[in-house]
Every structure is written in C-alpha cells, then in structure tokens.
Amino acid sequence: MELKVSGLEELRKMDREHHLHPFTDHAAMHPSGTHILTGGRGVYLQGEEGRLLDGLAGLWCVNVGYGRKEIVDAVAKQMQELSFYPSFFNSTTEPAVRLAGRLGRMAPGNLDYSVFSNSGSEAKIIRQYQILKGHPDRMKILTRNYAYHGVTLATASMTGLPNCQIPYGLPLPGFLHAPAPYAYVAGREKDAEAYGQECVAATRQMIEKEGAKTIGAMFLEPVQGAGGVIVPPPGYLAAMRKLAREYEILFVADEVITAFGRLGAWFASEMWDLQPDLMILAKGLTSGYISMGATMVSRPIAEVLMKGGYFAHGFTYSGHPVAAAAALANIDILEKEKLTERTRDKVGPYFQKKLKEFAGHPAVGEVRGVGLIGAIELLPKGGRKDLKPGMNLGIVGAAKVRSEGAIVRGIRDLLAFAPPLVITEGEIDEMFSSVRRGIDKLWD
Ligand SMILES: Cc1ncc(COP(=O)(O)O)c(C=O)c1O
C-alpha cells in the first residue's frame with residue numbers, strides 16, 4: 001500500500017500535455033497538478049497526497065472495496081483460459097452465460113434477460129421494441145431534470161444537466177425532461193411529499209401535451225445520484241410508476257448507482273416495488289474492477305425482440321468474459337459478506353445517523369440520504385438568501401475535506417457521499433470527522 005509515485009512532476013507534465021480528463025476544468029487542474037493515485041485497499045486509497053479515505057467508492061462503484069484478491073484471481077484465471085471472445089456469431093463464453101443467468105435469477109420480477117454493454121445506458125432497444133410492437137411513433141424518451149444517464153448523444157440528451165447539454169447543442173429532439181422531486185432547491189423541503197406529487201402532476205401534463213402515444217419510455221434513477229443525491233419523497237416513485245403504466249410507457253429503472261447493495265437492497269426497484277420493464281446496471285456490477293454494463297429486459301420484451309428477426313445491436317465487448325468473471329466474483333463477495341444486509345441493518349443506519357448530525361451546522365442547509373448514499377447541502381456565510389448560482393460551495397468544500405483526509409464529491413453547492421459498502425463504523429466516524437473539519441473551514 002505504501003507505494004511511491006515515481007517521477008511525479010514528469011507524470012504531471014505528461015498528463016498536462018497529453019491527457020484530456022473526463023468532467024474536468026483543465027484550467028483549474030493544471031496549475032496545482034493532477035492527483036495521481038497508486039494503490040487501494042478496502043476503503044483507503046494511496047497517492048502522492050498520502051492515504052485518503054474514499055468516501056465516493058471511486059465514482060459510486062467500488063462496492064466491495066479496493067484490492068479484493070478474489071476478483072483479481074478470477075480475472076487472471078479467465079485471462080489465462082480465454083482472454084476474449086465476443087458473443088457474436090451464435091457463440092459466447094461461459095462467464096457471460098453464467099452472469100446472464102445469475103442476474104436473471106437475482107433481478108426483480110420478470111427481468112430475465114441481459115444485454116451486456118461496457119458502461120451506461122441503452123435506449124436503442126426501446127425503439128426497436130416499439131417498432132416491432134407496431135408503435136413507430138413512440139420514439140420519445142422522458143427523463144427528468146437533474147437526471148444523469150450518461151454522455152453519448154442519446155444519453156446526454158436524457159441527462160438533465162445543462163453542462164452536459166449546452167456545450168454540445170443537446171438535447172436531440174424527442175427527449176423530454178419532467179421536473180425532479182428536488183424539494184430543497186424548490187424551497188419545498190418542509191412539504192417534500194406534496195412537492196413530489198406536484199412533480200408527478202407536471203409529468204402527467206407533459207405526457208398529455210406531447211401525446212402519450214409518442215413516448216416510448218420513461219427513465220428514472222430511483223435515487224438521482226450525479227444530479228445531487230435526490231432522494232424521492234414518499235409516494236413519488238409509486239405515482240411515477242403508475243403514470244407510466246397508465247399511459248403504456250415503458251418504465252426503465254436506471255440502477256447504475258443504486259443496485260448491488262448501495263441502498264441496503266440488491267436493487268432499489270425492490271425497495272420501492274417498481275417492477276421495471278427494463279433495468280440498467282453498471283458500476284457495482286463489477287465494483288469498477290473492469291468496465292461492464294447490462295441492460296436487463298423483461299421476458300415479454302425479450303420475447304418480442306427475439307421473434308423480431310436479426311438483433312442488430314451490441315458491442316465488440318458485450319459480455320466480455322473477463323468482465324463477466326469479475327462481475328461473478330464481485331457478486332460472490334457481496335453475497336458471502338452479506339454486504340447488502342449489512343448496509344441495510346448496520347452500516348447504512350449508522351452512516352445516516354452520523355450524516356444527520358450535520359443538520360444544525362451553520363454552513364449546512366440540508367442533509368439527506370438512504371443506505372450508504374448521502375448529501376450535505378452547503379450554505380454561504382449569509383445563509384440561504386445569499387446562495388447564488390455558480391458559488392460551487394460543494395467543489396470548495398470537497399477540496400477542503402480532501403485536505404482533511406477523505407475524498408467526497410462536490411456537486412454545485414453540495415457534498416455527496418457513497419463509500420464502499422465494506423466501510424466500518426469506525427471508518428464512517430473517520431470520514432465524517434474529515435467532512436466536519438472541512439466544513440468548519442468552508443468560510444475561511
Ligand atoms: C444513473 C447513471 N446512469 C448512467 C451512468 C453512465 O454510466 P457510465 O459513466 O459508466 O457510462 C451513470 C454514471 O455515473 C449514472 O450514475
């Protein structure tokens with residue numbers, strides 16, 4: 001773990017001169033230099049800054065923690081046996097089949113089939129399905145403001161964040177954004193439940209105005225992650241699910257962040273009984289050891305697709321055997337160590353209790369969370385009335401927390417947390433001590 005970064009300045013120079021980073025303000029990063037991480041064990045990372053507690057599990061994904069030998073061994077074994085073969089040409093590999101079978105057994109309801117990908121979301125299946133069903137007009141996709149579904153042209157159009165759309169001339173036509181139940185920014189946190197129902201009513205109006213028969217699917221993150229850890233108010237998700245059913249719009253749960261134990265259930269869809277028609281998985285599927293995504297499809301939809309002739313979709317690496325081997329070993333760990341149950345019964349409640357202790361802090365406007373995900377909304381010195389767009393207190397706060405020994409994510413004016421599920425109560429204390437010291441210095 002005590003790895004040294006050799007030639008740090010040389011690496012930083014090379015990085016500055018040759019590497020465009022994702023989601024990065026390069027002008028802000030270059031003067032201070034890129035952080036270079038060299039090692040990870042459990043919830044800790046090692047880099048040139050020393051040891052850091054990773055309060056974001058990489059990027060909401062390292063659910064089983066860093067340095068898990070079981071996954072490393074499974075990957076090495078698979079690479080030695082068969083490093084790669086696609087699932088094209090009426091062929092496949094054993095790990096890909098075993099993973100599809102396992103996900104089919106684990107997933108809620110009739111989500112029995114998986115289409116594998118390398119990461120985020122997949123909307124193309126929906127278009128083909130609607131065409132095969134004789135609904136070629138149902139091409140529009142409905143998502144919400146503050147949604148995050150990825151950054152391809154289609155998924156960036158689904159994402160509801162201006163900075164993912166304005167620079168690229170997006171959204172493309174046919175992508176609709178309903179209000180998110182973000183009660184705090186609407187100033188409605190005292191009656192969040194009623195606000196949630198108002199969002200549902202506004203979504204209904206949007207569907208009616210557009211014409212329900214033009215909308216193919218509604219995508220929803222059960223808890224909106226990258227948009228700011230927006231926890232749905234009671235009754236909201238059930239009402240949105242009902243709405244989709246009423247208008248015969250496919251309901252897609254984007255569980256890229258929420259699946260594999262993060263909220264204290266294998267899938268958020270089970271917690272809220274969402275019975276999705278499709279479910280998107282990535283991140284915690286392999287705990288980030290290797291990139292992999294899966295779109296799970298209900299049996300009736302899969303049957304339409306399978307009877308529909310040639311399925312001209314998929315990637316070279318769909319169902320990559322090494323990634324599938326990593327996913328299987330990762331799920332073994334989650335099961336063996338009961339990390340979902342532990343999140344539900346032990347560390348999740350403890351994490352939420354410690355998070356709530358920030359509620360009275362003068363620099364804190366709201367705390368919210370569920371399971372092992374949470375957020376703290378930060379305030380400027382003058383309080384809520386002085387909060388202005390572009391202050392980015394979350395970015396400022398996250399840098400302060402980092403200098404106190406923990407990585408958390410700054411989003412606009414909030415701090416977001418999603419530590420590895422293996423985190424202990426002592427490590428939660430340590431993480432929130434760093435957070436407290438960072439927030440105490442927010443106004444310095
Ligand atoms: C809910 C959700 N959907 C999709 C994605 C896109 O995943 P990727 O970055 O692997 O393409 C993300 C990434 O953060 C996400 O949080």
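Contact here means heavy atoms within 4.5 Å. The notes below concern a predicted model.

1. Threonine 159. This residue sits in the loop that joins helix H7 (153-158) to helix H8 (162-165). With a relative accessible area of 0%, threonine 159 is buried. Apart from neighbours within four places in sequence, threonine 159 is in contact with Ala147, Tyr148, His149, Gly150, Cys164, Gln165 and His177.

2. The seven-stranded sheet. An open sheet of seven strands runs in the order E4-E10-E9-E8-E7-E5-E6, with mixed pairing. Its edges are strand E4 (111-117) and strand E6 (175-178), each of which pairs on one side only. From one strand to the next, the twist averages 25°.

3. A pairing inside that sheet. Strand E8 (residues 250-254) and strand E9 (residues 278-281) are paired in the parallel sense, over three bridges. Valine 252 has leucine 278, in E9, as its bridge partner.

4. Helix H12 (residues 299-307) lies across E4, E8, E9 and strand E10 (293-298), and runs at about 95° to E10.

5. The four-stranded sheet. Four strands make an open sheet in the order E11-E12-E15-E14, with antiparallel pairing. The edge strands are E11 and strand E14 (409-411), each pairing on one side only. Direction ignored, neighbouring strands of this sheet are turned by 20° against each other on average.

6. The E11-E12 hairpin. E11 pairs with strand E12 (residues 373-378) in the antiparallel sense over six bridges. The two strands form a hairpin with two residues between them, and glycine 371 in the turn has a positive phi of about 60°. Glycine 369 stands opposite glycine 374 in E12. How enclosed is E11 by the rest of the structure? E11 is largely enclosed, because five of its seven residues are buried.

7. From E12 to E15. E12 also pairs with strand E15 (residues 414-417), in the antiparallel sense and over four bridges. Glycine 374 stands opposite phenylalanine 417 in E15.

8. Glutamate 366. This residue is in strand E11. At 18% relative accessibility, glutamate 366 counts as buried, because the cut-off for that term is under 20%. The side chains of glutamate 366 and arginine 368 are joined by a polar contact of 2.6 Å. Leaving aside neighbours within four places in sequence, glutamate 366 is in contact with Tyr184, Glu189, Ala375, Ile376 and Glu377.

9. Helices on the four-stranded sheet. Helix H15 (residues 393-403) lies across E12, E14 and E15 and runs at about 165° to E14. H16 lies across E11, E12 and E15, running at about 170° to E15.

10. Aromatic pairs. The count of aromatic pairs comes to nine. One of them is phenylalanine 351 with phenylalanine 432, a tilted pair at 5.3 Å centre to centre with 45° between the planes. Phenylalanine 351 lies in helix H14 (residues 339-356) and phenylalanine 432 in helix H16 (residues 425-440), so this pair ties together parts that are 81 residues apart in sequence. Phenylalanine 351 is buried at a relative accessible area of 0%, and phenylalanine 432 is buried at 4%.

11. A second pair at phenylalanine 432. The ring centres of phenylalanine 358 and phenylalanine 432 are 5.6 Å apart and the planes are at 50°, so this pair is tilted. Phenylalanine 358 lies in the loop between H14 and strand E11 (364-370), while phenylalanine 432 is in helix H16, so the pair ties together parts that are 74 residues apart in sequence. Both phenylalanine 358 and phenylalanine 432 are buried. Which residues make up the aromatic cluster? Phe351, Phe358, Phe417 and Phe432 form one such cluster.

12. Charges over rings. The charged end of arginine 436 sits over the ring of phenylalanine 358, 4.4 Å from the ring centre.

Definitions and conventions. Residues numbered from 1 in each chain as written. Predicted model: local features only at pLDDT ≥ 70, side-chain atom pairs only at ≥ 80, totals over all residues. Heavy atoms only, no water. Buried < 20%, exposed > 50% of the residue type's maximum accessible area, 1.4 Å probe, protein only. Pairing = 2+ DSSP bridges. Axes fitted to C-alpha atoms, helices over the stretch in contact; angles between N-to-C directions. Phe/Tyr/Trp six-rings, centres within 6.5 Å; stacked < 30°, edge-to-face > 60°. Lys NZ or Arg CZ within 6 Å of the ring centre and 35° of its normal. Polar contact = N/O pair within 3.5 Å; in protein donor to acceptor, adjacent residues only side chain to side chain.
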